[in-house]
Amino acid sequence: MFHVEHYDVVVIGAGHAGIEAANISDKYGLKTALITKNYSDLGKLSCNPSIGGVGKTHIASEVDILGGVICKIGDKSAIHYRVLNLSKGPAVWGVRAQIDRDLYSQNMKKFIKSSKIDLIEDEAINIIEKNNKIVGVELSNIGIIKSKAVILTTGTFLNGKIYFGNESQEAGRIGNSSSKALAKFINKNFKTMRLKTGTPPRIYAKSINYDVLEPQISENNGIFLSYFTKQNTNIKINCFITKTNNKTHKIIRDNLDRSAMYSGIIKSQGVRYCPSIEDKITKFGDRNGHNIFLEPEGLNSDLVYPNGISNSLDKKIQLKFLRSIKGLEECEVNQFGYAVEYDSVDPRELKNNFETKKIENFFLAGQINGTTGYEEAAGQGIYAAIHAAIKIKKIKFNEKVFERDNSYIGVLVDDLTKLGVTEPYRMFTSRAENRLKLRTDNSYERFSTVINPKSFNKLEYSLISKNINNEKKIFDRLTQLKYSPNDLMKKNIKVKKDGKVRNGFEVLKFLDPSTDKFKKFFNLTITQKLLTKIYFDSKYDVFYEREKKSYDQLNKNKNMKLTNIDFNKIPSLSKEILEKLNKHKPENLHDAGKISGITPSALFQIVKHKKTKGNKVA
Amino acid sequence: MFKSGTIYSNFTPLVKAPVIGYRISGDDVLNILKKITKKNFSKDHSLIQIVKIYQQDETLLDECSVVYFKSPKSFTGEDVCEIFLHGSPLIASQFEQLLKDLKVSGLRLARNGEFSYRSVLNGKNSLKQAKAINEIISNESFSGLEYNKRLLFDGDIFSGLVPLKEEVINLFSEITASIDFVDDEAFNFNQIKKKIRKFFSNCNNLLQENRTNIEQKNICRIMLVGPVNVGKSTLFNKIIDKDRAIVTNIKGTTRDILSNEFIISSNRFEIFDTAGQRSKQGKIEKYGYKKAQKISTEIDHFFVLIDQNTKKSDISTLFKDFMIHKNYSLIETKSDIYNYKTKNIKINHSFERDKIYQKLKLNSIHRKYVKNKYKKTDLNLEEIEFLERILEYEQDIVNEKDILIIAQLMRNILDDFSFEFGYISSEDVYDRVFSKFCIGK
Ligand SMILES: Cc1cc2nc3c(=O)[nH]c(=O)nc-3n(C[C@H](O)[C@H](O)[C@H](O)COP(=O)(O)OP(=O)(O)OC[C@H]3O[C@@H](n4cnc5c(N)ncnc54)[C@H](O)[C@@H]3O)c2cc1C
Ligand SMILES: Nc1nc2c(ncn2[C@@H]2O[C@H](COP(=O)(O)OP(=O)(O)O)[C@@H](O)[C@H]2O)c(=O)[nH]1
Ligand SMILES: [Mg+2]
């Protein structure tokens, strides 16, 4: 392969952010190169062999409908499914797929090879810019390649250092050298911080005594990661559950001085939650035990990933505490757990299109921006690449889809670029004010204005349009049906006798969402999947309206003049926010929203105050 | 620290009075003092000094006392000075003109409440404390006063709402965790619903308790009745110690009803003077008498004033007209000129005010009609209204089965608490989640 051409987009790093970035850039017709240190690392799942979960699935499904690959390849490589929160509304269903690690890498490689992306195996050692505008990238072997835009997605590799107890070595993750040359450029040009994360040991499957453990069987409820997946024919494996016990806790507690995170060797910013077993024991040591999920790494793999015991203890201690756990009494370890410490960029260095403020056409995405997780990385990769495409090709694009009220990607971008991070950022559904609306079952609807036919094959695209048409047909029929309170009474549905005539869609929320009932009531046939979706649309409608009103209020008031407003009189604004408002003196609400650290709720409160003059004080 | 120009305002009314006070707060205080007094105050934190204030043309404006409070040890946390001018509105207007003429950039008249705001912004007072100051000033009941003082001097943590705020953050944290972190811990929806009901019943209890305490009677109403010219208005004036009623020799000059509030050793009273009763009344007097009769149902205690000229029949008419039963004291007036041989209370206009209070036994009368006079309250009026608003959510939340809708509504409640205590962000909630539950793998 020759790489002297002039690229439109060069993506550095072929992790979850990089792959999505390169793929979408290619789909938008941009000449794209994907650079990675090791060809074999492409799409490697550095940590747990699973994709999805509450919040994570939500981002992944958005990536999926934007033309991304994480869900499709995830489903192709999945060997176990569960849906979390199934008893709650679908807004928080979280499908979680156990992934065959090797299968995932193979499928990913196949996919990239089949695309027009130039895959380059080399190390990026410098970013070339001129007058604060990107020129290209310097690679260790090949030298300089030019590009209109560069998207950097090097994950945990910048000055990465890994720790087992008192032992440490420089590495982006185990088996991969850390990227020091590139780190120099980044540290020189951007504000960075040191973050840390960890991973558990990998255990030989054969050394585990499964007989004494409780199995967890794969669920089969037709819910997949991807909108486009119809079935998964892979053999399904069982996971197993075991628990730490007092003995385990004692071993860990007695040896905290031999944990890199606890002995003071690692000084970087810790997190409030408990990513490591050391944290769990220190903060919640009085519990009866902490669950460990034993997750096979693949159909042909002899390794098991014990989810729940990330740690950075000395290798000997790791073995000792593992063997104190039921089922693991005779376990053998293939790879010990470790902590990794790395440089990440303060995401407030980014504009809200993920381009750095300092260097034009230089985009950052993934863990380098202070996040954690494959899905969070994928979401950023696709977001950055779409924005690179918008810039390079001057595409007209409905930016509204990436506002907080419309997508988790929007929430993530807004949180990162406005608030920055103090600990690795992970998506929670509770971060979204508009949670009831941001569902995986309606992402096609939320992104309908930007779905790019070129990002899908014919089959996929026709599936989207077919579904949209079907839904529209049913919806139109429903809204034509009219019911007075009396009509509803006769059908045993209790509503207020308000004389209000309701249409079928408005009535739907009073029914059970079963296809039979639906057929009987409306005389219309519907699939369960679609019924569930529109049932919750009907049920949450008032709340959409309420949220929409507040967001509309924000949008409508974007030009609201703030020059004559005294922010100090809004009692519910925090001091930090006040300081920022007083410092920047935004002309209007729109500008206020652009100030880093200004939250939407702060904006609501300004509007509310302006409308009502707020609470009076003294 | 918050900065936005130097502000000034009078803190006493701008009326003829012994003194008129001004307060100035902001960065330019020392500069202004130097300009108007030719003195450097920078080393004189919280010392009262008598100084001369000069106008622009070097003529003397006033000689008065000035105190300087160095930031941050001041009410607003900024540099502050307080100036006590001689109490002439004319001097005050000259003083304000002088401040304008100084042309200190950013110096302006404070907006209503701005000193308090600054004290909040600079962390001298919390939002609640600032509101408490306001309530203290406008407060009319002692029970509320004590509570607001506690808020002001001891801080927000003494607000009766604090336990509810803690409860609602905990509750919301648990709801949040039960949705986002299902596989990290075992959560129980019924348990959560139970806690929600408990929260609302706690709101309700607190509200009921305090509503009765705050609305409880704390004032004793007394009325002076008696024949014309017996000395009612004279006594009224003596009691309230103000030139309020007109006292003349012409019969029947107290034409309408007059009332006034006064406080003796923490007991609140409202006293009513009435037009006198006589056989032939003028129109206006008749009206006044009628009006007094109407109010009489709300009167706790009557002082029936009589003198030597008062006939038995006049007294019985009075008792009938005002529906007086046992709630009265008979008082004989003008004891300086008449010689009474009864055991009734005797007074005359040469008695000191305090002696009158004693003679009339005002405190024991108060005790008789106003029971439980200071029930402690744990909320102020504003907080009571706040709780009423929170309780509007109760039905919707308690009857809801969808945890996501519950979460949405609970978040609204959290936002309402933000208006009381300052913003409660998602990060605050996550802090709670991560310290209460073991989250993360
Ligand atoms: C030890 C460890 C533990 C983790 N634990 C968790 C966890 O518990 N939970 C969780 O959600 N997430 C965890 N993660 C995070 C998750 O793996 C990442 O968030 C996610 O993979 C980030 O994706 P990315 O695309 O940003 O970077 P990565 O997937 O790390 O990809 C980076 C890519 O950049 C390439 N690269 C780096 N430097 C250069 C260079 N100079 N030139 C060319 N190529 C370069 C690398 O070869 C690699 O392909 C963990 C990660 C690690 C390493
Ligand atoms: N000598 C004397 N005169 C009094 C006394 N109290 C009131 N007076 C006079 O009685 C007249 C009527 O008093 P006033 O208070 O107006 O009586 P009212 O009609 O009951 O309100 C006035 O001239 C008072 O000066 C008192 O104690 N001694
Ligand atoms: Mg009178």
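Trainee: Which residues are closest to ligand 1, and how many surround it?

Mentor: A residue is near a molecule if one of its heavy atoms lies within 4 Å of it. In this predicted model, 35 residues surround ligand 1, and the closest are Ala17(A), Ala124(A), Ser179(A), Gln367(A) and Gly373(A). Residues are numbered from 1 along each chain as its sequence is written, while chains are lettered from A and ligands numbered from 1 in the order in which they are written. Local features need pLDDT of at least 70, side-chain atom pairs count only at pLDDT 80 or more, totals for chains, interfaces and linings use all residues, and side-chain values use heavy atoms, without hydrogens and water.

Trainee: What classes of residue make up the shell around ligand 1?

Mentor: Ala, Val, Leu, Ile, Met, Phe, Trp, Tyr, Cys and Pro count as nonpolar, Asp, Glu, Lys and Arg as charged, and the others, Gly among them, as polar. The shell has 17 polar, twelve nonpolar and six charged residues. Strand 12 of chain A gives the largest share, three residues.

Trainee: Which backbone atoms lie by an oxygen atom of ligand 1?

Mentor: A polar contact is a pair of N or O atoms within 3.5 Å. A backbone N or O atom of Gly373(A) is 2.8 Å from an oxygen atom of the ligand. For His16(A), a polar backbone atom is at 3.0 Å from a ligand oxygen, and for Ala14(A) the distance is 3.4 Å. The protein covers 96% of the 980 Å² of accessible area that ligand 1 has on its own, by the Shrake-Rupley method with a 1.4 Å probe.

Trainee: In what order do the six strands of the open sheet in chain B run?

Mentor: Strands are DSSP runs of E with at least two residues, numbered from the N terminus, and two strands pair if DSSP finds at least two bridges between them. The order is 8-9-7-10-11-12, with mixed pairing. Strand 8 (258–264) and strand 12 (345–346) are the edges, each pairing on one side only.

Trainee: Which residues stand opposite Val304(B)?

Mentor: Val304(B) has Leu330(B) as its bridge partner in strand 11, and Val225(B) also stands opposite Val304(B). Strand 10 (residues 301–306) runs parallel to strand 11 (residues 328–332) over five bridges, and four bridges join strand 10 to strand 7 (residues 219–225), also in parallel.

Trainee: Are the faces of strand 10 of chain B covered or open?

Mentor: In a regular strand the side chains alternate between the two faces of the sheet. Here His301(B), Phe303(B) and Leu305(B) on one side and Phe302(B), Val304(B) and Ile306(B) on the other are all buried, that is, under 20% relative accessible area.

Technical notes: Polar contact = N/O pair within 3.5 Å; in protein donor to acceptor, adjacent residues only side chain to side chain. Buried < 20%, exposed > 50% of the residue type's maximum accessible area, 1.4 Å probe, protein only.
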